[in-house]
Amino acid sequence: MKRLEAINGFWSYRAKFEPKVKIRLPYEIFLKMLSYAQASKGEISGFCKNKVIKTENEIKVDVVDIKIFTQEVTDSRTTLTTDEMTAHYLDLIRRDENPEEWNLWWHSHSDGTVFFSHIDVPTIEQVGKNKALFSICINTRGEMTARYDRKGKFVAEAAIIIDYPLNANIVAACKKEVAEKVTYIRPVFTRIIPTVDTNDLPANYLHPTRRHYPADITD
Ligand SMILES: [Zn+2]
């Protein structure tokens with residue numbers, strides 16, 4: 001019983017930090033986004049088309065298409081002008097697209113670090129003021145970060161999962177080698193992880209997800 005509670009404690013601890021918004025980026029679309037970022041002398045931005053699946057605990061965003069629009073860029077400008085936005089929406093309508101499905105705004109930070117700056121946030125507020133909006137910031141090294149906003153207000157960080165194409169031969173060879181060399185040791189949980197600063201823990205405290213306490217098991 002004690003162990004079960006500990007395991008439940010562990011999982012609720014995990015759940016608390018598990019991203020609730022997951023953006024699945026097919027490999028080809030990731031490569032295209034990266035290539036756009038690398039091809040631009042300054043920053044660059046565009047939109048992605050998505051299929052959004054909402055369940056009780058998470059929002060899954062399946063990216064299915066990517067595009068850029070005519071734009072002027074500098075080394076740091078990511079704001080979109082009204083003209084650019086209008087042209088973008090007219091283009092979508094002309095192509096018989098549903099603008100609501102193009103609800104992921106992405107932009108590059110050229111070769112800088114990825115984050116949502118004080119310039120990006122007003123853009124997100126403006127672009128997403130009446131709807132749900134997912135945003136990705138990428139750089140020329142392919143680093144990315146993402147967030148989810150609703151009606152212009154920040155809701156949550158989003159995880160990006162790149163759907164890499166795996167090579168069946170490499171997968172089989174690695175599986176064989178891991179089976180030969182790697183032994184999995186089942187974790188033993190003996191206590192609920194306390195919600196305290198780890199610096200306050202006694203020096204002999206052992207993190208339950210990393211260490212074994214066979215001697216601690218009382219049930
Ligand atoms: Zn930015």
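This is a short tour of one protein chain, going from the whole fold to single residues.

**Before selecting anything**

The model is predicted: local features need pLDDT of at least 70, side-chain atom pairs count only at pLDDT 80 or more, and totals for chains, interfaces and linings use all residues. Residues are numbered from 1 along each chain as its sequence is written.

**The whole chain**

Show the chain as a cartoon. The protein chain has five helices and seven strands; helices (H or I, at least four residues) and strands (E, at least two) are DSSP runs, numbered from the N terminus. Along the sequence they follow the pattern α-β-α-β-β-α-β-α-β-β-β-α. Of the 219 residues in the protein chain, 21% are buried. A residue is buried if 20 or more other C-beta atoms lie within 10 Å of its own, exposed if 12 or fewer, and partly exposed in between, with C-beta atoms placed from the backbone.

**The barrel**

Select the strands. Seven strands close into a barrel in the order β1-β3-β2-β4-β5-β6-β7, and the pairing is mixed. The twist averages 30° from one strand to the next; axes are lines fitted to C-alpha atoms, for helices over the stretch in contact, and angles run from 0 to 180 degrees between N-to-C directions. Two strands count as paired if DSSP finds at least two bridges between them.

β1 and β3 run parallel and are joined by four bridges. Lys 22 has Lys 60 in β3 as its bridge partner, and Arg 24 has Asp 62 in β3. Nine bridges join β2 to β3, which run antiparallel. Lys 51 stands opposite Asp 62 in β3. β2 and β3 form a hairpin with four residues between them.

**Helix α2**

Select residues 27-39. At 1.5 Å a residue, the 13 residues of α2 should span 18 Å, and the end C-alpha atoms are 18 Å apart, which agrees. The expected span is 1.5 Å times one less than the number of residues in the helix.

Colour Phe 30, Met 33 and Ala 37, which are buried in α2. Seen down the axis of α2, its buried residues fall within an arc of 65°, so they line one face of the helix. The arc is that of the directions from the helix axis to the C-beta atoms. An α-helix has 3.6 residues a turn, so residues three or four places apart point the same way. On the other side of α2, Tyr 27, Glu 28, Ser 35 and Ala 39 are exposed.

The buried residues of α2 pack against β1 (21-26), β3 (59-68), β4 (104-108), β5 (132-138) and β7 (153-163). Contact here means C-beta atoms, placed from the backbone, within 7 Å.

**The nonpolar core**

Next, select Ile 23, Leu 104, Trp 106, Phe 134, Ile 136 and Ile 138: of the 27 residues in the largest nonpolar core, these touch the most other members. β5 gives the most to this core, with five residues. Such a core is a set of buried Ala, Val, Leu, Ile, Met, Phe, Trp, Tyr and Cys residues joined through C-beta atoms within 7 Å.

Centre on Ile 138. Not counting residues up to four places away in sequence, Ile 138 touches Met 33, Leu 34, Ala 37, Trp 106, Ser 108, Val 114 and Met 144.

**Last stop: a loop**

Thr 74 lies in the loop between β3 and α3 (82-94). Thr 74 is exposed, with 10 other C-beta atoms within 10 Å. The C-alpha atoms of Thr 74 and Gly 42 are separated by 5.0 Å, although these residues are 32 residues apart along the chain.

Methods. Contact = placed C-beta atoms within 7 Å.
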